[in-house]
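Please read the briefing below alongside the sequence and the 3D view. It covers salt bridges, a sheet and a few helices.

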Amino acid sequence: MRWLRVVLLFLLVFGLIINAPWVFQHAYAAYFRRLTGQIPPWPGPGAGERVLLLSPHPDDESACCGGLVRRALSQGAEVYVVGLTSGDGFEWDAALLDRTLRPSPKDHRDLALRRMGEARAAAERLGLPETHLFFLGYPDRGLLHLFLEHYTQPYRSPYTGLEAVSYPGSFHPGAPYTGQALEADLGRVVENVRPTLLLAPSPLDAHVDHRATGYLALRLLGTHSGLKGAFYIVHGGLEWPLPKGYHPALALEPPPRGRGLPWLWLDLTPKEEEAKRQALLAHRSQMQILGRFLLAFVRKNELFSPEALPKAH
């Protein structure tokens, strides 16, 4: 049984490191100072800028950029958020909310409506008017399929059974689940907003929807001269960010998957951190499962890269 004791000890130590009780805080702070001390500062968008934030799912906009949204608004910029999916493919969430081991397509569709409502509440807490939100309603966990295999032929979501945008309040109801339709809708949003800065996930992000959103952002940047880009990562590697939970005095260090990117440091005030925390709490359905992960993004800074991918040497 010696191996069992070793395994249990390893799991205990691993759990302590991930969840970082008070005894580990000073060690984490010292470690992060070493990692983040050389990152150049970024003041964030200023007066006259129009920011368009691409959010693959409801809650990504708050996790990646809640502090930036508050900063941009306070500095006179306009901020708009476009949600590419409504988060209707999260099986664990649908199972928990509907208390079933096998959530039905209707359960997933109901989850989408709930998450759209939560996104509106989060935006309000960040100071965004509802008119600055766009819900495209394309399939959760299906964006890369649209980008690669279903550019012209409709994709059927294995979670909702839908083949077209169907949720009330969506930008283009009835649009087929194709990459072509998705790009067309994004293009129309860009025409409406006329952004000067596009915020999007890096294609290095581990989540397939985030990677697809990053690819779409690169295509937009390639066809709109004068439009600048800044990139973020939410799913940055095993257990990142550490420690889990709410640690507002700690720094957010560059993610393992973002190694090689030229990161910029957006310093947050305590009020901006609290606004971000409140926005994340508005995503109540996600807090039940991912609460400690999401709150781990409430740190004294946010990180953005002017490049989507590391430059080739």
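R50 has a relative accessibility of 15%, so it counts as buried (buried means under 20% relative accessible area, exposed over 50%, partly exposed in between, with a 1.4 Å probe and protein chains only). This is a predicted model, in which local features need pLDDT of at least 70 and side-chain atom pairs count only at pLDDT 80 or more, while totals for chains, interfaces and linings use all residues. Residues are numbered from 1 along each chain as its sequence is written, and side-chain values use heavy atoms, with hydrogens and water left out.

**Salt bridges**

- The whole structure holds 13 salt bridges (a salt bridge is a side-chain nitrogen of Lys or Arg within 4 Å of a carboxyl oxygen of Asp or Glu).
- One of them joins R50 to E78, with 3.2 Å between the closest N and O atoms.
- This pair links distant parts of the chain, 28 residues apart: R50 is in strand β1 (residues 50-55) and E78 is in strand β2 (residues 78-85). Helices (H or I, at least four residues) and strands (E, at least two) are DSSP runs, numbered from the N terminus.
- E78 has a relative accessibility of 32%, so it counts as partly exposed.
- K106 and D110 also form a salt bridge, at 2.8 Å from N to O.
- K106 and D110 are separated by about one helical turn because they lie 4 residues apart in helix α5.
- K106 is partly exposed, with a relative accessible area of 48%, and D110 is partly exposed too, at 33%.
- Another salt bridge, 2.8 Å from N to O, connects the side chains of R188 and D185.
- Both R188 and D185 belong to helix α7 (residues 179-193), where they are 3 residues apart, about one turn of the helix.
- R188 is partly exposed, with a relative accessible area of 38%, whereas D185 counts as buried at 1% relative accessibility.
- An α-helix has 3.6 residues a turn, so residues three or four places apart point the same way.

**The sheet**

- An open sheet is formed by 5 strands in the order β3-β2-β1-β4-β5, with parallel pairing (two strands pair if DSSP finds at least two bridges between them).
- β3 (133-138) and β5 (228-232) are the edge strands, each pairing on one side only.
- From one strand to the next, the twist averages 20 degrees (axes are lines fitted to C-alpha atoms, for helices over the stretch in contact, and angles run from 0 to 180 degrees between N-to-C directions).
- Strand β4 (residues 197-201) pairs with β5 in the parallel sense over 5 bridges, and A200 stands opposite F231 in β5.
- Helix α3 (residues 60-74) packs on the sheet and touches β1, β2, β4 and β5, its direction making about 170 degrees with that of β1 (contact means heavy atoms within 4.5 Å).
- α7 packs on the sheet as well, touching β1, β2 and β3, and its direction makes about 175 degrees with that of β3.

**Helix spans and burial**

- Helix α5 (residues 105-126) has 22 residues and should therefore span 32 Å at 1.5 Å a residue, which agrees with the 32 Å between its end C-alpha atoms (the expected span is 1.5 Å times one less than the number of residues).
- Buried residues in α5 include D107, H108, L111 and A112.
- Helix α10 (residues 284-295) spans only 12 Å between its end C-alpha atoms, whereas a straight helix of 12 residues would span 16 Å at 1.5 Å a residue.
- Among the buried residues of α10 are S285, Q286, M287 and G291.
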